[in-house]
Amino acid sequence: MTDLTKTESWEALQKHFSSFEKTTIKDLFKQDDKRGTRFVAKEAGIYFDYSKHRVSGETMKLLFALAEERGLEAHRESMFTGNKINNTENRSVLHTALRAPKGSAILADGHNVVPEIHAVLDKMGVFARKVRNGEWTGYTGKPVKNIVNIGIGGSDLGPVMAYEALKYYAARNLTFRFVSNVDGNDFAEAVSDLDPEETLFIISSKTFTTLETMANAQAARAWSLKKLGSNAAVARHFVAVSTNEKEVVKFGIDPLNIFGFWDWVGGRYSMTSAIGLSTMIAVGPDQYQQMLDGFHQMDEHFRTTPLDRNIPVIMGLLGIWYNNFFGAQTQAVLPYDNYLKRFPAYLQQLTMESNGKQVTSEGEPVSYQTGTIYWGEPGTNGQHSFYQLIHQGTKLIPCDFIGFKETLNDLPSQQDYLIANMIAQGEALAFGKTADEVRAGNVAEELVPHKVFEGNRPSSTFFLDKLTPANLGKLVAMYEHSVFVQGVIWDINPFDQMGVELGKVLAQNIIPELQNKSQPLNHDSSTNTLIGFYRQ
């Protein structure tokens, strides 16, 4: 692919930026009193207002031209039809197939994968119903009341985010815990008040060899057997989400209780695979299917809607605009719903593990910035924490506000307070407060500079009706596809994660050196000293 910075559309954007850079959001609204209704996309049940961005109609036209020149539509179709677009691992990328309706035909290596996907979903549904209705009992005959998901990365972040987001819909007679960190404190605290006779562990690991997950799985096995006694108990208290049947069976899990998935499912895109088993148990198969339907609605919107009305496309292009032209390095995601408290953490892996790359798909070094840093917290908590820096700091931080018109709990006045704050923050970021406006409030002159808000800080606002399983699916898929858009523009592979490997390999070398104090050390002087300090 042609170097990004040498394309006609990129050069046109650079020329446009040089004349547009000083234009403010306030200027743009003065020039167009209908801007608040023009720069809006209302698609797939989402109201997306991007009018408070530092873009004009010409800017967007040039960004869409960039997407066309980079072949976004062809790349998009290649993903949906099962072509091996993960070129470094020679794999298809078919997380969208995981939420395709029965009867669809999606090919990987010439094989329709949809029937086997639904076979796994059906198997998950049977198991989830048994746990939810008390039919699944432990080794001593007691019904399972506690479900502990053990995984890491995509095998943890998706399930824990989905559980917290959909907690309103979850079975309240069941307790759900999530263990990911190899730090033993994580496991110890998760099980401290649980009874092994009533506890089911879901071991989520594609390879069943992941260091952190297997260390916690062995800890869970020992914790369970300390009370249950017999190795036969493992088959009633452990199930696996994995592709490695040999190791799963060796662990003691019944092969009938293995829920499989496929190598064309990347970890951070796997929450709608069998990795979502804990989610299905929590909310039930019917509401889990509603979540899948929401994902599929956004998949279809992304696949079929013209670029200028396509929410993930617009999101991805705005990110390119700020990252590569304004030099912004981070983006804040600010959900105004406390159920979404783990959503920013989930997006950190989705976005940064995908696009944190320094070479193109062909292995050539990039000559431009990639991989925006995503972070955030729910509102209004963040307003009393880091919003100060967003408003008056020296960093340019585009923000995504996510809100819902209806509250799930019967506290409507508090919902009004919440959404009023969300809307006000977008207004304040965009328009600020001038020195004259500050003085009009009879502020002492020496305090005026401290109370000036520069404004001109860009933000998007996303409104949905309420936080339902379907709407959660739409939100996650929306960000998945915006990541893909940016990967295409930057010509990088968003579907591998080789940068996580080196540290894990080196850790395997260091583990025996920590455990055997007589083993010689052959690292650099800093690493040798740190190991020696720990050995003491």
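Phe208 sits in the loop between strand S7 (199-204) and helix H9 (211-228). In this predicted model, Phe208 has a positive phi of about 60°, although it is not a glycine. Its relative accessibility is 3%, so Phe208 counts as buried.

Asn456 is another non-glycine residue with a positive phi of about 60°. Its loop runs between helix H19 (448-451) and strand S13 (459-464). With a relative accessible area of 13%, Asn456 is buried. Check the peptide bond from Gly379 to Thr380 as well: it is cis, with omega near 10°. Thr380 lies in the loop between strand S11 (373-375) and helix H16 (387-392).

How many aromatic pairs does a search of the whole structure find? The count is 31. A pair of aromatic rings is described by the distance of the centres and the angle of the planes.

Take Trp10 and Phe325. Their ring centres are 4.7 Å apart and their planes meet at 40°, so the pair is tilted. The pair links distant parts of the chain, with Trp10 in helix H1 and Phe325 in helix H14, 315 residues apart. Trp10 has 2% relative accessibility and counts as buried. Phe325 is also buried, with a relative accessible area of 10%.

Phe17 and Trp321 form another pair. Here the ring centres are 5.6 Å apart and the planes stand at 85°, so the pair is edge-to-face. Phe17 is buried at 12% relative accessible area. Trp321 is buried at 0%.

## Helix H4 and its cover

Helix H4 covers residues 57-69. Its 13 residues should span 18 Å at 1.5 Å a residue, and its end C-alpha atoms are 18 Å apart, so the two values agree. Just after H4, Gly71 takes a positive phi of about 75°.

Which residues of H4 are buried? They are Thr59, Met60, Leu62, Leu63, Phe64, Leu66 and Ala67. Their cover includes helix H1 (8-20), helix H5 (72-80), helix H14 (311-326) and helix H20 (469-490).

## H6 against H13

Helix H6 (residues 114-132) packs on helix H13 (residues 285-304) at an angle of about 140°. Their axes are 10 Å apart. The two helices are therefore oblique to each other; roughly antiparallel would need an angle over 145 degrees.

From H6, the contact uses Leu121, Met124, Gly125, Ala128, Arg129 and Arg132. From H13, it uses Pro285, Asp286, Tyr288 and Leu292. By class, the contact residues are 6 nonpolar, 1 polar and 3 charged.

## Leu514 in H21

Leu514 is in helix H21 (residues 501-515). Is Leu514 buried or partly exposed? Its relative accessibility is 29%, so it counts as partly exposed.

Beyond its neighbours within four places in sequence, Leu514 is in contact with Ile531, Tyr534 and Arg535. Tyr534 is 20 residues away along the chain, and the C-alpha atoms of Leu514 and Tyr534 are separated by 7.3 Å.

How values were computed. Residues numbered from 1 in each chain as written. Predicted model: local features only at pLDDT ≥ 70, side-chain atom pairs only at ≥ 80, totals over all residues. Heavy atoms only, no water. Axes fitted to C-alpha atoms, helices over the stretch in contact; angles between N-to-C directions. Helix = DSSP H or I, 4+ residues; strand = E, 2+ residues; numbered from the N terminus. Parallel < 35°, antiparallel > 145°, perpendicular 65-115°, else oblique. Contact = heavy atoms within 4.5 Å. Nonpolar A, V, L, I, M, F, W, Y, C, P; charged D, E, K, R; others polar. Expected span 1.5 Å × (residues − 1). Buried < 20%, exposed > 50% of the residue type's maximum accessible area, 1.4 Å probe, protein only. Phe/Tyr/Trp six-rings, centres within 6.5 Å; stacked < 30°, edge-to-face > 60°.
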